[in-house]
Every structure is written in C-alpha cells, then in structure tokens.
Amino acid sequence: MSKRIAMLGSGFIGRFYADSLLGQRSRDHITSIYARREESAKKFASDYHCDHWTTNMEEAISHPEADVVCIALPNNLHEAAVLLCCKHKKSVITTKPLGRNSEEAKRMLLAVEEAGIFNGYLEDLVYTPKFIKAHESVRNGALGRILWAKSRETHPGPHSEWFWDIEKAGGGCILDLGCHCVEIARSFIGKDIRPIEVMCWADTQVKPIEAEDHAIGLVKYENGAIGQFEVSWTFRGGMDLRDEVMGSEGTIWLNNFLRTGFEMFTTGKGADYIAEKAESNTGWLFPVGDEINDLGYNHMFTDMFNAMERGVSPKETFYDGYVVNCILDASYRSAKSKLWEPVKLDIWRGRTGVTKDSHLAEYDSENFLIKEEMTHFGAKKVILKNKESGKISEKVLS
Ligand SMILES: NC(=O)c1ccc[n+]([C@@H]2O[C@H](COP(=O)([O-])OP(=O)(O)OC[C@H]3O[C@@H](n4cnc5c(N)ncnc54)[C@H](O)[C@@H]3O)[C@@H](O)[C@H]2O)c1
C-alpha cells in the first residue's frame with residue numbers, strides 16, 4: 001500500500017525526508033506540505049510534486065487525503081503539531097528530539113496513546129545499514145555481555161537560527177545530538193534495561209550562546225552497563241559520527257560518516273556538495289556514497305510504514321523518544337550539579353529489578369579464570385584466582 005503524507009516543515013530535515021520518501025521510484029506520495037512561509041511551501045510543493053501546500057499547519061494535518069503526518073518542524077513546535085494530529089486522529093511520525101524536555105515528551109506520549117493513533121519516533125541513526133548489522137550481531141550474542149556503548153556526534157553546529165535560541169531549541173548539543181547518541185547506546189545495551197543515573201560535563205567553549213556547545217556524558221544502566229555520549233557543536237572538519245561497543249566477547253567500531261573508505265582529492269574544479277556539514281570542497285575530502293541511505297532514512301520509513309500497515313508498533317515510538325528525553329534531562333541536571341543524577345522515569349515499560357551480571361568466569365572447581373594467553377614464545381598461560389583464598393596464580397599449560 002502506498003502512503004499519503006502531510007509533511008510539516010520544508011527545511012533541512014523535511015527535504016532529507018522527502019528525498020528518502022520519494023527516492024528510488026517510491027510508491028509513497030507527499031500530499032500536502034506545510035511551511036511557515038508561502039514561498040518555501042510553494043517551492044517544496046513544486047520540487048516534490050505535492051498536490052497541496054499551505055501556511056496553516058492544521059490545514060495540512062486535517063487534509064482528507066493525508067494518511068500520516070510527518071513532523072519536521074523546530075523543536076518548540078513538535079507538541080502543538082502532535083496535539084493537532086491527536087485532534088484529527090492522524091497517524092504521526094516525528095523527528096528528534098521528541099520534546100524539548102521530558103515533561104513535553106510525556107504529554108505527547110500520553111496524548112497519542114489516549115487518541116489511539118499510530119506514533120513513530122524518527123531516530124534515523126538506529127536505522128543505518130551499519131547499525132542494523134551491528135545490532136543484529138549484538139543481539140545474536142557475538143559480543144557477549146554488553147559492557148560499554150559509546151556514541152559520538154560532533155560537527156560545526158546547526159544550520160538554522162532557531163537551534164541557537166535556547167527557548168526554541170530547548171537546549172544545545174546535548175539535546176540536539178545527544179538524543180541520537182543516547183538511543184544508539186541504549187539500543188546496544190538493551191532498550192528493556194532501565195537507565196539509572198547520569199554523570200555529565202558540559203560547557204560553552206566557543207559559540208556566543210547560552211546553551212552548551214560541547215558535552216560528554218555517562219549513562220549507567222541497571223545491569224551494570226555504561227553508555228557514553230560525546231557531542232559537540234564546535235568540532236571542525238565535518239560531521240563525525242562514530243559508535244563503539246564493547247562486550248565480554250567482542251568489540252564493534254563503526255564509522256558512519258567521515259573516513260568510511262571513500263576519499264577524494266580535488267583542486268576544487270567542479271566541486272560542489274560533498275556531504276552534510278562538510279566544511280570544505282577542495283583538497284582531500286570524505287564524501288558519503290548514498291547519504292539518504294547511509295543516514296538510515298530509507299530503512300526508517302520502511303519500518304514506520306510497514307508497522308503502520310501491519311497495525312503494530314515500529315522499532316522507535318514516542319515512548320523511546322520519552323525515555324531519551326528523561327536521560328537528557330538527567331544529563332542537564334548533572335552538568336549543573338556535577339553529581340550523578342538519577343534518571344526520573346515516571347513511565348517505565350522495561351524490565352525491573354535487573355541485577356548486575358556476575359563477572360566471575362569459572363575455570364575449575366577451585367579457581368576463577370582471569371585471563372588466558374598464548375605468548376610470542378609459544379607458551380599457553382592461564383592466570384587464575386583461587387575461589388577461597390583469593391590468591392592469584394599463573395599456570396603455563398604448554
Ligand atoms: N537527523 C535528524 O534526525 C535531524 C537532522 C536535522 C534536524 N532534525 C530535526 O528536525 C526538526 C527541524 O529541523 P530542520 O533542521 O529541518 O530546521 P529548518 O530550520 O531547516 O526547517 C524548519 C522548517 O519548519 C518550518 N517552520 C514553521 N514554523 C516555523 C518557525 N516558527 N520557525 C522556523 N521554522 C518554522 C519551516 O518550513 C522551516 O523550513 C528539528 O526538530 C530538528 O531537531 C533532525
């Protein structure tokens with residue numbers, strides 16, 4: 001079945017979404033476009049063959065030929081748009097972050113659930129081809145017990161004025177980029193594992209703004225795993241998207257955007273757009289092969305619409321957006337207090353009472369195994385800890 005979409009917002013992400021929705025001979029169609037300014041609505045309508053454009057948000061949402069509303073608006077407008085979708089009983093998918101804070105996110109979550117409408121959270125970075133493959137390996141146990149999941153998104157800062165206004169955006173890079181990183185780490189660790197507390201450093205190091213432009217945070221989970229986010233609006237050199245997962249049996253390193261194996265040199269002749277947030281189009285460059293696909297948009301919309309058709313929830317829902325907002329709220333509190341701050345989750349639907357997994361690997365009836373190693377001189381060694389005395393010893397096996 002094809003989907004008829006009302007798109008709210010004709011800017012940066014609205015156009016990425018439209019390129020994905022209408023790319024590759026897609027069956028889906030953008031029926032209506034809402035933008036703040038008439039000329040942008042008209043231009044978008046002409047570029048993406050929309051039947052209808054408007055500068056009235058409710059008109060787009062209530063359009064009789066729209067099956068689903070896609071919210072691609074500044075953060076301060078997400079809640080109003082969601083409430084209108086509830087009023088008109090329209091399926092809704094919204095960009096990140098869900099809310100400017102957990103209170104907003106909770107109101108949106110409760111509203112869509114009360115209205116009984118389909119809701120999807122457009123966290124594209126858990127739909128990238130690399131993430132999907134890595135996540136499958138993690139779920140299949142290839143890394144053993146997940147101990148640490150780190151995600152980094154840093155770039156030279158966003159492209160529209162409202163991002164830099166703390167009232168409209170709701171925060172700085174923690175909210176804007178941390179929402180991606182938190183959901184990536186949470187997905188690797190297990191979305192049913194409760195995030196407990198956060199320690200975060202944040203500062204405004206470069207930009208003349210009130211919000212933070214650089215931050216690092218640690219998110220502790222109930223099973224003892226640790227999530228880490230590194231975010232910045234002050235990084236120079238393009239957009240750095242990297243993830244790292246460490247488990248008791250293995251490791252995954254993902255480089256999603258810069259230096260992915262496509263490197264190009266040009267003196268600048270004929271050079272144009274290289275990739276999102278690229279700072280140069282001359283010299284050695286790191287282009288991205290298929291940005292729409294590599295950033296996860298294609299797989300994300302496929303999951304959203306397949307779920308809608310099957311009457312089930314997509315992989316990412318408003319509930320996930322709400323949990324992410326709760327973790328980010330704790331990050332802001334920690335950056336201020338300089339203490340571990342609890343993640344306050346009024347609504348928790350995952351497992352409860354999970355305990356930290358045992359770190360004691362059995363060697364034999366008397367010892368735990370600390371390490372096994374083959375040395376460069378051909379000896380196989382084990383390092384052991386006696387279960388009763390606690391004494392550490394080593395044994396050369398061959
Ligand atoms: N990877 C991602 O998932 C990703 C990337 C970029 C942005 N986003 C999110 O998408 C949303 C929109 O961001 P964007 O980068 O497209 O912003 P943008 O400024 O490029 O576009 C915003 C659009 O909203 C519309 N609009 C309506 N009322 C407005 C108002 N009062 N002020 C400004 N614009 C108004 C306009 O049509 C405008 O084009 C934000 O929530 C942002 O966090 C997500």
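Let's start with helix H12, which has 20 residues and reaches 29 Å from its first C-alpha to its last, close to the 28 Å expected at 1.5 Å a residue. Keep in mind that this is a predicted model. H12 is mostly covered, with 17 of its 20 residues buried. Just past the end of H12, lysine 338 takes a positive phi of about 65°.

Where do those buried residues go? The largest nonpolar core has 94 residues, and those with the most contacts inside it are Met7, Leu8, Ile33, Val69, Cys70 and Ile327. Helix H12, residues 318-337, gives the most to this core, with eleven residues. The core draws at least three residues from each of domain 1 (4-124) and domain 2 (126-296 + 310-342). Apart from it lies another core, of five residues, including Met239, Phe257, Ala275 and Val288. As background, nonpolar side chains tend to be buried together in soluble globular proteins.

Leaving aside residues up to four places away in sequence, leucine 8 touches Tyr34, Met57, Ala60, Val69, Cys70, Ile71, Ala72, Leu73 and Ala81. Ala81 brings us to helix H4 (residues 78-87), whose buried residues are His78, Glu79, Ala81, Val82, Cys85 and Cys86. How are they arranged around the helix? Seen down the axis of H4, the buried residues fall within an arc of 165°, so they line one face of the helix. The general rule here is that an α-helix has 3.6 residues a turn, so residues three or four places apart point the same way. What covers the buried residues of H4 includes strand S1 (4-8), helix H3 (57-61), strand S4 (68-71), S5 and H5. Just after H4, lysine 89 has a positive phi of about 55°.

The loop between helix H1 (12-22) and strand S2 (29-34) holds glutamine 24, whose phi is near 50°, a positive value in a residue other than glycine. Arginine 25 lies in the loop between H1 and S2 too, and its phi is near 55°, again positive without being a glycine.

Not counting residues up to four places away in sequence, asparagine 223 touches Ile193, Val354, Lys356 and Asp357. How far is asparagine 223 from leucine 328? The two are 105 residues apart in sequence and 20 Å apart in space, C-alpha to C-alpha.

Finally, zoom out to the whole chain. The chain is divided into domain 1 (4-124), domain 2 (126-296 + 310-342) and domain 3 (367-396). The C-alpha centres of domain 1 and domain 3 lie 59 Å apart.

Terms used
Residues are numbered from 1 along each chain as its sequence is written. This is a predicted model: local features need pLDDT of at least 70, side-chain atom pairs count only at pLDDT 80 or more; totals for chains, interfaces and linings use all residues. A nonpolar core is a set of buried Ala, Val, Leu, Ile, Met, Phe, Trp, Tyr and Cys residues joined through C-beta atoms within 7 Å. A residue is buried if 20 or more other C-beta atoms lie within 10 Å of its own, exposed if 12 or fewer, and partly exposed in between; C-beta atoms are placed from the backbone. Helices (H or I, at least four residues) and strands (E, at least two) are DSSP runs, numbered from the N terminus. Domain bounds come from an automatic or database domain assignment. Two residues are in contact if their C-beta atoms, placed from the backbone, lie within 7 Å. The expected span of a helix is 1.5 Å times one less than its number of residues. The arc is that of the directions from the helix axis to the C-beta atoms.
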